[in-house]
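I opened my notebook to record what I looked up in this structure. The entries follow in the order in which I made them.

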Amino acid sequence: MIEGLRYRLRMMGIPIDGPVNSFCDNDSVIKNVTNPASTLSKKHNAIAYHKVRESVAALIQRISFEPGKYNCADFLTKILSGPAFKGCCERIFQ
């Protein structure tokens, strides 16, 4: 998905320099994606992580940890309290 988006942007004349930063609040995902020696026991996980591992190794994508309280994408996937929801919306739509 990241590679396809980068390709489309380059086709439109938008230069893409360096890797894309992807932020995640799950430590196990970051460890499995960034460490090629880690083994994945479930087949569906192995298939999903393969493409991300490949893009990390090719320096197309960089995976970083972001604590859940600062993750603005949470308002799309979790039920948040009123102030937390408003804070996420303000940070995204500014």
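Which residues line the largest pocket? I found Met1, Ile2, Glu3, Leu5, Ser22, Lys51, Val52, Ser55 and Gln61. A pocket here is found on a 1 Å grid over the protein atoms alone, as an open set of points where a 1.4 Å probe fits, with protein on both sides within 12 Å along at least five of seven lines; lining residues have an atom within 4 Å of a point.

Entry on the model. I noted that this is a predicted model, in which local features need pLDDT of at least 70 and side-chain atom pairs count only at pLDDT 80 or more, while totals for chains, interfaces and linings use all residues. Residues are numbered from 1 along each chain as its sequence is written, and side-chain values use heavy atoms, with hydrogens and water left out. I read pLDDT as the predictor's confidence in each residue, from 0 to 100. The protein averages 82, and 91% of the residues score at least 70. Helices are DSSP runs (H or I, at least four residues), as are strands (E, at least two), numbered from the N terminus.

I wrote down a volume of about 200 Å³ for the largest pocket; a volume is the space filled by probe spheres set on the grid points, which are joined across faces, edges and corners. Its lining divides into 4 nonpolar, 3 polar and 2 charged residues. Helices α1 and α3 each supply at least two of the lining residues.

Entry on Ser55. Is Ser55 buried or exposed? Ser55 counts as buried because its relative accessibility is 3% (buried is under 20% relative accessible area, exposed over 50%, partly exposed in between, with a 1.4 Å probe and protein chains only). I placed Ser55 in helix α3, and its side chain reaches the backbone oxygen of Val52 at 2.9 Å. Leaving aside neighbours within four places in sequence, Ser55 is in contact (heavy atoms within 4.5 Å) with Glu3, Ile60 and Gln61. Ser55 and Glu3 are 52 residues apart along the chain, and I noted 8.1 Å between their C-alpha atoms.

Entry on Ile63. I found Ile63 in strand β2. At 16% relative accessibility, Ile63 counts as buried. Not counting residues up to four places away in sequence, Ile63 touches Ser22, Ile30, Val33, Thr34, Val52 and Val56.

Entry on two loop residues. Leu59 is in the loop between α3 and β2 (61-65), and at 64% relative accessibility Leu59 counts as exposed. I noted that Leu59 has a positive phi of about 60 degrees although it is not a glycine. Leu40 is in the loop between α2 (27-34) and α3 (43-57), and at 21% Leu40 counts as partly exposed.

Notes: Polar contact = N/O pair within 3.5 Å; in protein donor to acceptor, adjacent residues only side chain to side chain. Nonpolar A, V, L, I, M, F, W, Y, C, P; charged D, E, K, R; others polar.
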